[in-house]
Amino acid sequence: MRSSFQEQSNYARKLPKAILNSIFAFPPNRDTLGGTAYFIVRNEGNILIDCPAWDENYRDFLENNGGVRWLFITHRGAIGKSVEIQKAFDCEILIQEQEAYLLPDSKVTAINSKFTIDSVLQIIWTPGHSPGSSCLYYNSQGGILFSGRHLLPNRQAEPVPLRTSKTFHWHRQIKSIKLLLETFTPQTLKYICPGANTGFLRGERLINNAYTSLANLDLAELQKAKPLL
């Protein structure tokens, strides 16, 4: 009996967490180096942002919530089991055109600088972390930006760009932050859902007061940052 209860408890801990109305965050995925995937449930069609770990539990969760209409990949490191997910749900894969070649055997929609899914969902190309790094903006609940690894929380739970030894182009990444600041306002960008480092959010899986936090960044000083080893 104890073994059965423990298995049920482990299963419950692994379920995606509801973080906002009809938005769920998956636990970090080893296949994507600790990346966090998100799932938006909508009458107009559900969208999965990046790839969660792919197992029977998560497949059942997605099926029980209406399946996947679109799978959006924020950057090359989040591809994970995209092929398997597309086969399971016959969903449309959205990925920036400079990284679409990494899915040669899949049917993908290669996006350019901007791509409108519908009246409340838009993809914005934010290169820097990788050539095709992109964010998804969801015009709901005050405005939500799913930032992939373009913006990640630091230890103070503030959204920042992180320059690593594998960063494609640091100055372009800073320029991409300026684009977001020009595109949004405090009234249209309330939350950021980052694609990694969510442990720094102490269980929240999202960053509040997003626009104000971005506006407070010293971008000139950030440009001088050295790569993290």
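Guide: A polar contact is a pair of N or O atoms within 3.5 Å; within protein, one must be able to donate a hydrogen and the other to accept it, and residues adjacent in sequence count only if both atoms are side-chain atoms. The structure above is a predicted model, in which local features need pLDDT of at least 70 and side-chain atom pairs count only at pLDDT 80 or more, while totals for chains, interfaces and linings use all residues. Residues are numbered from 1 along each chain as its sequence is written, and side-chain values use heavy atoms, with hydrogens and water left out.

Visitor: Which residue caps the N-terminal end of H2?

Guide: Helices (H or I, at least four residues) and strands (E, at least two) are DSSP runs, numbered from the N terminus. H2 covers residues 56–64. At its N-terminal end, the backbone nitrogen of Asn57 lies 3.2 Å from a side-chain oxygen, and that oxygen belongs to Asp55.

Visitor: Within what arc do the buried residues of H2 fall?

Guide: Buried means under 20% relative accessible area, exposed over 50%, and partly exposed in between (1.4 Å probe, protein chains only). The buried residues in H2 are Tyr58, Phe61 and Leu62. They line one face of the helix, because their directions, taken from the helix axis to the C-beta atoms, fall within an arc of 95°.

Visitor: Which exposed residues sit on the face of H2 turned away from its buried side?

Guide: An α-helix has 3.6 residues a turn, so residues three or four places apart point the same way. In H2, the face turned away from the buried side carries two exposed residues, Glu56 and Asn64.

Visitor: How many residues apart are Phe24 and Phe61?

Guide: Rings of Phe, Tyr and Trp (its six-membered ring) pair if their centres lie within 6.5 Å; planes under 30 degrees apart count as stacked, over 60 as edge-to-face and the rest as tilted. By this rule there are seven aromatic pairs. One of them is Phe24 with Phe61, edge-to-face at 5.3 Å centre to centre and 80° between the planes. The pair links distant parts of the chain, since Phe24 is in strand S2 (residues 23–25) and Phe61 in helix H2, and their separation is 37 residues.

Visitor: How many residues apart in sequence are the parts tied together by Phe39 and Phe61?

Guide: Phe61 is buried, at 12% relative accessibility. Its ring centre is 6.1 Å from that of Phe39 and the planes stand at 65°, so this pair is edge-to-face. Phe39 lies in strand S3 (residues 38–40) and Phe61 in helix H2, so the parts tied together are apart in sequence by 22 residues.

Visitor: What relative accessibility does Phe39 have?

Guide: Phe39 belongs to one aromatic cluster with Phe24, Phe26, Tyr58 and Phe61. Phe24 counts as buried at 17% relative accessibility. Phe39 also counts as buried, with a value of 0%.

Visitor: Which residues lie nearest the centre of the largest pocket?

Guide: On a 1 Å grid over the protein atoms alone, a cavity is a set of points where a 1.4 Å probe fits but cannot get out, and a pocket is an open set with protein on both sides within 12 Å along at least five of seven lines; lining residues have an atom within 4 Å of a point. The largest pocket holds about 410 Å³, a volume being the space filled by probe spheres set on the points, which are joined across faces, edges and corners. Of its 16 lining residues, those nearest the centre are Leu33, His129, Arg149, Thr164 and Lys166.

Visitor: What volume does the largest cavity have?

Guide: The structure holds one cavity of 30 Å³ or more. Among the residues lining the largest cavity are Thr32, Asp50, Cys51, His75 and Arg149. The volume of the largest cavity is about 50 Å³.

Visitor: Is Arg205 buried or exposed?

Guide: Arg205 lies in the loop between strand S14 (191–194) and helix H5 (210–215). Arg205 is not a glycine, although its phi is positive at about 65°. With a relative accessible area of 16%, Arg205 is buried.

Visitor: What relative accessible area does Ser22 have?

Guide: Ser22 is in the loop between strand S1 (17–20) and S2. Its phi is positive, about 65°, although Ser22 is not a glycine. Ser22 counts as partly exposed, because its relative accessible area is 31%.

Visitor: How far apart in space are Leu162 and Lys226, C-alpha to C-alpha?

Guide: Leu162 lies in the loop between strand S13 (159–160) and helix H4 (170–183). In sequence, Leu162 and Lys226 are 64 residues apart, but in space their C-alpha to C-alpha distance is 9.7 Å.
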